[in-house]
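Open the model in your viewer and keep the selection tool at hand. The stops below say what to select next and what is there.

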2 protein chains.
Amino acid sequence: MRLQHFDWTSSGGLTLLDQTLLPGEERWLEISTVDALVEAIGALRVRGAPAIGITAAMGLVAALREHARESRAAFTTRVERDAARIRGARPTAVNLGWAMDRMVRRAGATPGEGGAVLAALEAEAQAIWDEDRAACLRLAEHGQPLLARMVTGARLRAGADEGEAGADDGTVNVLTHCNTGFLATGGIGTALGIVHLAGERGRRLHVWVDETRPLLQGSRLTAWELVRAGIPHTVIPDGAAAGLMARGRVDVCLVGADRIARNGDVANKIGTYPLAIAAARHRVPFYVAAPKSTFDPACGSGDEIPIEERRPEEVTKPLGVRAAPDASPAFNPAFDVTSADLIAGYVTEEGVLRPPF
Amino acid sequence: MRLQHFDWTSSGGLTLLDQTLLPGEERWLEISTVDALVEAIGALRVRGAPAIGITAAMGLVAALREHARESRAAFTTRVERDAARIRGARPTAVNLGWAMDRMVRRAGATPGEGGAVLAALEAEAQAIWDEDRAACLRLAEHGQPLLARMVTGARLRAGADEGEAGADDGTVNVLTHCNTGFLATGGIGTALGIVHLAGERGRRLHVWVDETRPLLQGSRLTAWELVRAGIPHTVIPDGAAAGLMARGRVDVCLVGADRIARNGDVANKIGTYPLAIAAARHRVPFYVAAPKSTFDPACGSGDEIPIEERRPEEVTKPLGVRAAPDASPAFNPAFDVTSADLIAGYVTEEGVLRPPF
């Protein structure tokens, strides 16, 4: 269970790592009721689109287990009702709705009484998980050739007096933003999955971890994953990335995506766009890693993507401590849009793509 | 005492606002001993190069006051000893040493016994303050023409659906980083002083305040100043600035400087450089505001400026709360270097300069 944040329990329940307590505490929750599952998803104890879908499907199975002796009619009605409740835990999470749809369809398509349907649903949840795990691996495999060292004038000039591990030993310095690792998926992750796979294969790597304000998913989650995986890394304030690139200390940027438009524009966690601009200035290759499901054929360009605003308190009260005057408003956009011209390629489970897709 | 963070007390002591408690609490300290002054400077209760120099000179006078009846010899010896102790409170603060030198020289050049020397030192401290106040005003005056609205395709496209105050009323949207206002100087400030002066004159302004990780001088200090000055503003995570520029919501960037090289490269608070890169991409004018004393003729270019590293805990424990695993190292450069090609001009008390200087 090394690079994993959820699993079946021995009694067929769901256990998951409470991400809201990271990195300070590693508390595993046992989920065997719909109430507990809805609470865990709603309170962001599990997050990341693929991870939410998978754990929701597994949690649904866990909650249904004690009703396996019900008749087919009673049981499938229960499946539909529970799935609807779970879906409501985070109504905007696309993968959650997709996973619940898939479970309800499977229930409807399976003959037999409650026990038989439950067995089919368990297989379906496992399939959802297995598919994501396999997709992460394929994506990470396609990303391996991108982990190459940049040789530039800046690096050559800087090499002698810079202090990070590996200035001379071939270490590849990756810069990443937010969390796109195993905590966000059912496998090793997307952008960070590329790093994890390389680490498992013994590649010399060092990761610059953007702390990723306001919610600090970089310092809280990505750094925690890298400690767990034993991969050398250094947390930085988001504003420090450009200066590192200027000094030749970044070989490649790997980030995830929330949505990718037809023209290649990418909506991702706030702070991605300035990274991409700085990378372009310093000719650092900037790659977006995301499963094919992130590509939105209905969206022509970044201009069409509405910018979701989150609560200002995430900015004015970092980690719950007041940092700004009560009278000061804050603007807290959840993501920004990186234009396609800044992106070297899109790493997916089907290979490295370039627009038009 | 509206835009002021220190003053003489009625009994000739020094009173100053404890900046470490902002924005939560406004506590004024009374300083009448060298011990108290050294503690206040060392603990960053007063910060900003000009402010440190001025309050050190005033605090020295306050501490000397009870010794006014001493002989000339005893008194001038005391001045030298106290000045040396005060200088040691922050050995790297250039303005602190400069102000203490000036006080010691004035003591040596003043005839008469303790009382006469004290009177001269009080006048000298007041002169140091008055000169800085006047320089801030002249700088701010030279900056006024820069507060102009940008008319771009992005703004025209964005104008209709964007929500900030003044999308259509001629409001100038300024973006700033760190704190460069009255809390950092003996006057209205440097980069933020331009904003304060415009505000006093009734210009329609709105300021985007970069929170400025890791120490949050933007949300803690700049936002507090703008509340106090009654100037509309919005705090943002540092990573949100580029997205705002992309949507035409920033007319001009105004930042300060720690050091300016002969070729125009600028060392300033970490996070300044990525702002400048984003501003260049979106053709947002990017100005550096700093007194002439910030220009370092001994420094040829940014490459020669060593990058000071601060404690990693400032990154891993924002506001004292743990955000990263204990096992994760952090890199905490105090500033970055913005290359001259990204800077539209240098606002000083002598006018808006452009290199070569």
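Select B:Glu313 and B:Arg311 in this predicted model: their side chains meet in a salt bridge, 3.6 Å from N to O. A salt bridge here is a side-chain nitrogen of Lys or Arg within 4 Å of a carboxyl oxygen of Asp or Glu. B:Arg311 is exposed at 51% relative accessibility, and B:Glu313 is partly exposed at 35%. Buried means under 20% relative accessible area, exposed means over 50%, and partly exposed lies in between (1.4 Å probe, protein chains only).

Before moving on, note how the model is written and counted. Residues are numbered from 1 along each chain as its sequence is written, while chains are lettered from A and ligands numbered from 1 in the order in which they are written. Local features need pLDDT of at least 70, side-chain atom pairs count only at pLDDT 80 or more, and totals for chains, interfaces and linings use all residues; side-chain values use heavy atoms, with hydrogens and water left out.

Next, select A:Arg102, A:Arg106, A:Glu124 and A:Glu131, which salt bridges with shared partners join into one network. Within it, the side chains of A:Arg102 and A:Glu124 form a salt bridge of 2.6 Å, N to O. A:Arg102 sits in helix 4 (residues 94-109) of chain A and A:Glu124 in helix 5 of chain A, 22 residues apart, so the pair links distant parts of the chain. Helices are DSSP runs (H or I, at least four residues), numbered from the N terminus. Are these two residues buried or exposed? A:Arg102 is buried at 13% relative accessible area, and A:Glu124 is buried at 9%.

Now select A:Glu122 and A:Arg65, whose side chains meet in a salt bridge of 3.2 Å, N to O. Because A:Glu122 lies in helix 5 (residues 114-143) and A:Arg65 in the loop between helix 2 (49-64) and helix 3 (72-87), the pair ties together parts of chain A that are 57 residues apart in sequence. Over all chains the structure holds 42 salt bridges.

Colour chain A by pLDDT, the predictor's confidence in each residue from 0 to 100. Chain A averages 93, and 94% of the residues score at least 70. Select residues 159-166 of chain A, where pLDDT stays under 50.

Finally, show both chains. Chain B can be laid on chain A with an RMSD of 0.0 Å by a turn of 180° and a shift of 0.0 Å along the axis, which is the relation of a two-fold axis. The copies are superposed by least squares on the C-alpha atoms of residues with pLDDT of at least 70 in both.

Methods
Contact means heavy atoms within 4.5 Å. Helices (H or I, at least four residues) and strands (E, at least two) are DSSP runs, numbered from the N terminus.
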